[in-house]
Amino acid sequence: MNLAQLIRHHPLLHADLCSLGLSSGNILTVADQISAQLGTVNGNLSQVLERLDRRSFVHAVDAKRVALDAGISPALAQASVFTIAPWVERFRPTIQ
């Protein structure tokens, strides 16, 4: 699973990202950019996320690149990364 699929499987996370002001298209772009930075866009992130906790996830993602790719402000991109970070540990049991 990639990050976009994982976000879709967690409605509360999706709702949190929407509440930041992200559209569904922005969420998809943010997820794809983060996945690309972690080394995979369409591939399975299970091995990548197994090695990351929320802190290492935040440090691994360049929010400025996310902002540029998604066409959002750097502050919104950083808020998105911080919103996704606590869910990194929750993703592990659901990755197939």
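Which residues does Ile7 touch, not counting residues up to four places away in sequence? In this predicted model, the residues in question are Leu13, His14, Leu17, Ile27, Ala31 and Ile84. Ile7 is also among the residues with the most contacts inside the largest nonpolar core. The protein chain contains 8 helices and 0 strands, and 45% of its 96 residues are buried.

**Overall fold**

- Read from the N terminus, the elements of the protein chain follow the order α-α-α-α-α-α-α-α.
- Of the contacts in the protein chain with a separation of 6 or more, 73% join residues 24 or more positions apart.

**Nonpolar core**

- The largest nonpolar core has 31 residues.
- Inside this core, the residues with the most contacts are Leu3, Ile7, Ile34, Leu38, Phe57, Ile72 and Ile84.
- Two or more core residues come from each of helix 1 (3-8), helix 2, helix 3 (24-38), helix 4 (46-50), helix 5 (54-60), helix 6 (63-70) and helix 7.
- Helix 3 gives the largest share of the core, with 5 residues.

**Helix 2 against helix 7**

- Helix 2 covers residues 11-19 and helix 7 covers residues 74-84; their axes come within 10 Å and cross at roughly 160°.
- Because angles over 145 degrees count as roughly antiparallel, helix 2 is roughly antiparallel to helix 7.
- The crossing of these two helices is right-handed.
- Leu13, Asp16 and Leu17 of helix 2 make the contact with Ser80, Thr83 and Ile84 of helix 7.
- By class, the residues of this contact are 3 nonpolar, 2 polar and 1 charged.

**Leu13 and Ile84**

- Leu13 lies in helix 2 and is one of the residues that Ile7 touches.
- Is Leu13 buried or exposed? Leu13 has a relative accessible area of 0%, so it counts as buried.
- Leu13 and Ile84 are 71 residues apart along the chain, and their C-alpha atoms are separated by 7.1 Å.
- Ile84 belongs to the helix 7 side of the contact with helix 2, is touched by Ile7, and is listed with the residues that have the most contacts inside the largest nonpolar core.

**Helix 6 against helix 7**

- The axes of helix 6 and helix 7 come within 8 Å, crossing at roughly 115°.
- This crossing is right-handed.
- On the helix 6 side, Ala63, Val66 and Ala67 meet Pro74, Ala77, Gln78 and Val81 of helix 7.
- The contact of helix 6 with helix 7 holds 6 nonpolar residues, 1 polar residue and no charged residues.

**Helix 3 against helix 6**

- At what angle do the axes of helix 3 and helix 6 cross? They cross at roughly 135° and come within 9 Å.
- Helix 3 and helix 6 are therefore oblique to each other.
- The crossing of helix 3 and helix 6 is right-handed.
- Helix 3 contributes Asn26, Thr29, Val30, Gln33, Ile34 and Gln37 to the contact, and helix 6 contributes Arg65, Val66, Asp69 and Ala70.
- These residues divide into 4 nonpolar, 4 polar and 2 charged.
- Val66 takes part in the contact with helix 3 and also in the contact with helix 7.
- Ile34, on the helix 3 side of this contact, is among the residues with the most contacts inside the largest nonpolar core.

Note on methods. Residues numbered from 1 in each chain as written. Predicted model: local features only at pLDDT ≥ 70, side-chain atom pairs only at ≥ 80, totals over all residues. Heavy atoms only, no water. Axes fitted to C-alpha atoms, helices over the stretch in contact; angles between N-to-C directions. Helix = DSSP H or I, 4+ residues; strand = E, 2+ residues; numbered from the N terminus. Parallel < 35°, antiparallel > 145°, perpendicular 65-115°, else oblique. Left-handed = near helix turned anticlockwise from the far one by under 90°. Contact = heavy atoms within 4.5 Å. Nonpolar A, V, L, I, M, F, W, Y, C, P; charged D, E, K, R; others polar. Core = buried A, V, L, I, M, F, W, Y, C linked by side-chain atoms within 4.5 Å. Buried < 20%, exposed > 50% of the residue type's maximum accessible area, 1.4 Å probe, protein only.
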